[in-house]
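Here is a brief report on one protein model. It starts with charged side-chain pairs, then turns to the fold and a pocket.

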Amino acid sequence: MPEQMRRAPARPKDIEEIDAQNDIRVRVIGTVLSIEDDSISLDDGTGSVEVFADDEQLEDVEEQDTVRILGRVLPAPEGFELQAEALHVLSVDRETYDSVKKIVKTTS
């Protein structure tokens, strides 16, 4: 039986922490600043990044939505971009998400 290649985990990162040379897949949460035909501009308070996504992934996304992106880091001439493998619109804003995450971390 051939050995299967494991996909690199999507590590949680702030946008400013992403290293285009060393990070393969990341998980970021931020606010949608703008939407183009095949991408969104995402800001997480530490920086912003262009995220490319399929039409189906973008059809329910609106400006100012809080979204979670699992994606591949794509080096670019002026930094990096992300290719979304999964895009989820969250039903809470970033501040609420961070507060709940902090509570869960301290109780587990």
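The structure holds 2 salt bridges. A salt bridge here is a side-chain nitrogen of Lys or Arg within 4 Å of a carboxyl oxygen of Asp or Glu. This is a predicted model: local features need pLDDT of at least 70, side-chain atom pairs count only at pLDDT 80 or more, and totals for chains, interfaces and linings use all residues. Residues are numbered from 1 along each chain as its sequence is written, and side-chain values use heavy atoms, with hydrogens and water left out.

| Salt bridge | Closest N to O |
|---|---|
| K13 with D23 | 3.3 Å |

Take K13 and D23, which form a salt bridge. Both sit in the loop between β1 (11-12) and β2, 10 residues apart. K13 is partly exposed, at 23% relative accessible area. D23 counts as buried, at 14%. The cut-offs are under 20% relative accessible area for buried, over 50% for exposed and in between for partly exposed (1.4 Å probe, protein chains only).

E85 is partly exposed at 31% relative accessibility. R25 is buried at 10%.

Now the fold. The protein chain has 2 helices and 6 strands, in the order β-β-β-β-α-β-β-α along the sequence. Both kinds of element are DSSP runs numbered from the N terminus: helices are H or I of at least four residues, strands are E of at least two. The C-alpha trace spans about 45 × 40 × 30 Å along its principal axes. Of the 108 residues, 32% count as buried. Among contacts (heavy atoms within 4.5 Å) between residues at least 6 apart in sequence, 53% join residues at least 24 apart.

What lines the largest pocket? The lining has 14 residues, with P12, R94, Y97, D98 and K101 nearest the centre. β2 (25-35) and α2 (94-107) are the elements that give two or more residues. α2 gives the most, with 6 residues. By class, the lining has 4 nonpolar, no polar and 10 charged residues. Charged means Asp, Glu, Lys and Arg. A pocket is an open set of points on a 1 Å grid where a 1.4 Å probe fits, with protein on both sides within 12 Å along at least five of seven lines; lining residues have an atom within 4 Å of a point.
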